[in-house]
Amino acid sequence: MKTAESGQANWENTATVFGGDGAWGRKTVELFEKLGFKTNVCEIEDDPLDMAKKSRVLFFSVNPTENIRQIAGRVTPIIGREHIILENASAKDQIKSSLLNLADLGASVCSTHPMCDPVATPDLTEVPLLLMDVGQNSAEARDLAERLFEPTKMRVVPFDFETHDKGMKVIQFMVHFLQRTVGSFLAEEGVDLSSLLQIATPNFHLFHASLMRTLTQDPQVSATIINSALQRDETMEFAQRLAGRFQRVIDMSEGERLEEFDKSAKALGQKGLR
């Protein structure tokens, strides 16, 4: 017969992963099970509130990211000081108010950002793992996050939750923006990349590898990163300056172009390229 104590113990060691069928969702379920947690998976057809009632730990691994707002709203009535909330969204601005609200209700909340796709990068050793305190009661959630990801051997990097998306402007937005745009352009142009690889330079092989690393990922990841970033005025202005730079380079004379390339290489610390 199950006692009240055993029922409480089971609840405390149960985690619900929202979006557990995605790449990081599946990895997160695996990590919780390694840590000894009974793990439930909540997908779109499930009732988030019913699933949340079964667990002390809730982990949001949901795409598109804005769906986290809806799930957080649904589970709010049961959230209290005994709960631990974790998530792994690539963009935080869209869910910032929802996570802060859960923290205000007393939950221990830690935002995480593993800086890769676990399918594209199966060996996660030394890949940065950003951990961000949310609210004033994050210590327990942060400790659980560190223990949860410990088997991956990722490199934990404390980061600021409030400025996360600003910091990702170059690291994530620019890369996904450029590569998805270039990919779309090449597809419309009818370029056969596989045939070009037969005669490609080493530079093109590197370009192709980088491009395909993004293009073979779930496009929802890129869409979420780009859509969220462009809601920030400063990122929209950054994107417009970036787009304008293409025309500026086209309009330069040969001498101006050489001078610009040399100056920018030196500014980025790449002296001695020529």
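1. Serine 55 lies in the loop that runs from helix H3 (48–52) to strand E3 (57–60). The model is a predicted one. Serine 55 counts as buried because its relative accessibility is 0%. Its side chain makes a polar contact of 2.5 Å with the side chain of threonine 16. Beyond its neighbours within four places in sequence, serine 55 is in contact with Trp11, Thr14, Ala15, Thr16, Asn40 and His83.

2. Phenylalanine 18 and phenylalanine 60 deserve a look together. The structure holds seven aromatic pairs. One of them is formed by phenylalanine 18 and phenylalanine 60, with ring centres 5.2 Å apart and 45° between the planes, a tilted arrangement. This pair links distant parts of the chain, as phenylalanine 18 belongs to strand E1 (residues 14–18) and phenylalanine 60 to strand E3, 42 residues apart. Both partners are buried: phenylalanine 18 has a relative accessibility of 1%, and phenylalanine 60 has a relative accessible area of 0%.

3. A second pair has another geometry. The ring centres of phenylalanine 173 and phenylalanine 177 are 5.1 Å apart and the planes meet at 20°, so this pair is stacked. Both residues sit in helix H7 (residues 164–189), and because they are four residues apart, about one helical turn separates them. Phenylalanine 173 is buried, at 1% relative accessibility. Elsewhere, ring pairs join Phe32, Phe37 and Phe59 into a cluster.

4. On the cysteines: how many disulfides does the structure hold? The count is zero. For cysteine 110, the closest cysteine sulfur is that of cysteine 116, 17 Å away, which is too far for a bond; the cut-off for a disulfide is 2.5 Å between the sulfur atoms. Cysteine 110 is buried, with a relative accessible area of 1%. Cysteine 42 is buried too, with a value of 3%.

5. Strand E6 (residues 128–134) and strand E7 (residues 155–158) run parallel and are joined by four bridges. Within E6, proline 128 stands opposite arginine 155 of E7. Together with helix H6 (residues 139–149), the two strands make a right-handed β-α-β unit.

6. Which residues of helix H5 (residues 96–104) are buried? They are Lys96, Ser98, Leu99, Leu102 and Ala103. The buried residues of H5 pack against strands E3, E4 (84–87), E5 (108–114) and E6, and against helix H4 (67–75). Just after H5, glycine 106 has a positive phi of about 110°.

7. Most residues other than glycine have a negative phi, and most peptide bonds are trans. The bond between asparagine 63 and proline 64 is cis, with omega about 0°, and proline 64 lies in the loop between E3 and H4.

8. Two residues other than glycine have a positive phi: glutamate 126, near 70°, and lysine 153, near 60°. Glutamate 126 is in the loop between E5 and E6, and is partly exposed at 48% relative accessible area. Lysine 153 is in the loop between H6 and E7, and its relative accessible area of 57% makes it exposed.

Notes: Residues are numbered from 1 along each chain as its sequence is written. This is a predicted model: local features need pLDDT of at least 70, side-chain atom pairs count only at pLDDT 80 or more; totals for chains, interfaces and linings use all residues. Side-chain values use heavy atoms; hydrogens and water are left out. Buried means under 20% relative accessible area, exposed over 50%, partly exposed in between (1.4 Å probe, protein chains only). A polar contact is a pair of N or O atoms within 3.5 Å; within protein, one must be able to donate a hydrogen and the other to accept it, and residues adjacent in sequence count only if both atoms are side-chain atoms. Contact means heavy atoms within 4.5 Å. Two strands pair if DSSP finds at least two bridges between them. A crossover is right-handed if, with the strands pointing away from the viewer, the path from the first strand over the helix to the second runs clockwise. Rings of Phe, Tyr and Trp (its six-membered ring) pair if their centres lie within 6.5 Å; planes under 30 degrees apart count as stacked, over 60 as edge-to-face and the rest as tilted.
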